[in-house]
Amino acid sequence: MALSLRVLIIFALVCGCSAYAQDQATASSFAGRYPKGSIVSVEAAERALIEAQKARASENAQFHAEEQACYPKFFTTSCLEATRERHRLGLLQIRQVELEANGFKRRTRVAEREQALKERQSMPADPQSDINERILRHEAKLKKLEEEETARAAQRNSNVAAYEKKQREAEERQQELARRKREKAGNQ
């Protein structure tokens, strides 16, 4: 009995080690395709991000499969812990590639923005045309505000007229009710 338990333990360790080696080979091969500093273009960064997404999905699928394979084993907890650690290490390698790719894309966008800003600043600006343009924008804004105010004034006038009409009608109803009360009181 003790011998079969030892054989079972050795078998579990060998299976776990082979799965660990296979997982490390998968994550290492992805990280090996994109060593630090190898992403030197936006296209390479995009390609790395797409492959990282696929590698992440593969890593998650492999983790779930290994996790399910741990449950029938005798040492379930240690198997699950080893599986989680392999998963964490694999995701860490993928994340490093993603960070480098996103960092390259971000640095490229910043450089492009700075270049565009330098070009804009280096262009000789005609101060008179800038002033004229601002005056035209201001006049258009004032005209728009005036039109909106006119529309609001018309709406206010119609609201006031509707309110006064409603007040007159209410007063007429009150007078009619008072008249009916007097007639009713006079008939009794």
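R109 is partly exposed in this predicted model, with a relative accessible area of 45%. The residue lies in helix α3, which covers residues 76-122, and together with R106, R107 and R113 it gathers in a patch of positive charge on the surface. The points below set this patch beside the overall fold, the disulfide and several of the salt bridges.

**Overall fold**

- Of the 188 residues that make up the chain, 20% count as buried.

**The disulfide**

- A search of the whole structure finds one disulfide, and this link joins C70 to C79, with a distance of 1.9 Å from S to S.
- A disulfide is a covalent bond between the sulfur atoms of two cysteines.
- The link of C70 and C79 is left-handed, with an angle of -65° about the S-S bond.
- C70 counts as buried, at 1% relative accessibility, and C79 is buried as well, with a relative accessible area of 13%; both count as buried because the term applies to values under 20%.

**Salt bridges in helix α3 and beyond**

- The structure holds twelve salt bridges, and one of them is formed by R88 with E85, whose closest N and O atoms are 2.6 Å apart.
- Because R88 and E85 are three residues apart in helix α3, they are separated by about one helical turn.
- R88 counts as partly exposed at 43% relative accessibility, and E85 likewise counts as partly exposed, at 36%.
- E149 forms a salt bridge with R156, and in this pair the closest N and O atoms are 3.0 Å apart.
- E149 is partly exposed, with a relative accessible area of 34%, while R156 is partly exposed with a relative accessible area of 41%.

- R180 forms a salt bridge with E176, the closest N and O atoms of the two residues being 3.4 Å apart.
- Because R180 and E176 are four residues apart in helix α4, which covers residues 127-187, they are separated by about one helical turn.
- R180 counts as partly exposed at 49% relative accessibility, and E176 is partly exposed, with a relative accessible area of 29%.
- Salt bridges that share partners join E176 and R180 with R179 and E183, so that these residues form one network.

Methods. Residues are numbered from 1 along each chain as its sequence is written. This is a predicted model: local features need pLDDT of at least 70, side-chain atom pairs count only at pLDDT 80 or more; totals for chains, interfaces and linings use all residues. Side-chain values use heavy atoms; hydrogens and water are left out. Patches are made of residues with over 30% relative accessible area and no salt bridge: like charges are joined within 9 Å, nonpolar side chains (Val, Leu, Ile, Met, Phe, Trp, Tyr) within 5 Å. Accessible areas come from the Shrake-Rupley method with a 1.4 Å probe; for residues, only the protein chains shown count as cover. A salt bridge is a side-chain nitrogen of Lys or Arg within 4 Å of a carboxyl oxygen of Asp or Glu. Lys and Arg count as positive and Asp and Glu as negative; His and the chain ends are not counted. The place of a charge is taken as NZ of Lys, CZ of Arg, CG of Asp or CD of Glu. Helices (H or I, at least four residues) and strands (E, at least two) are DSSP runs, numbered from the N terminus. Buried means under 20% relative accessible area, exposed over 50%, partly exposed in between (1.4 Å probe, protein chains only). A disulfide is a pair of cysteine sulfur atoms within 2.5 Å.
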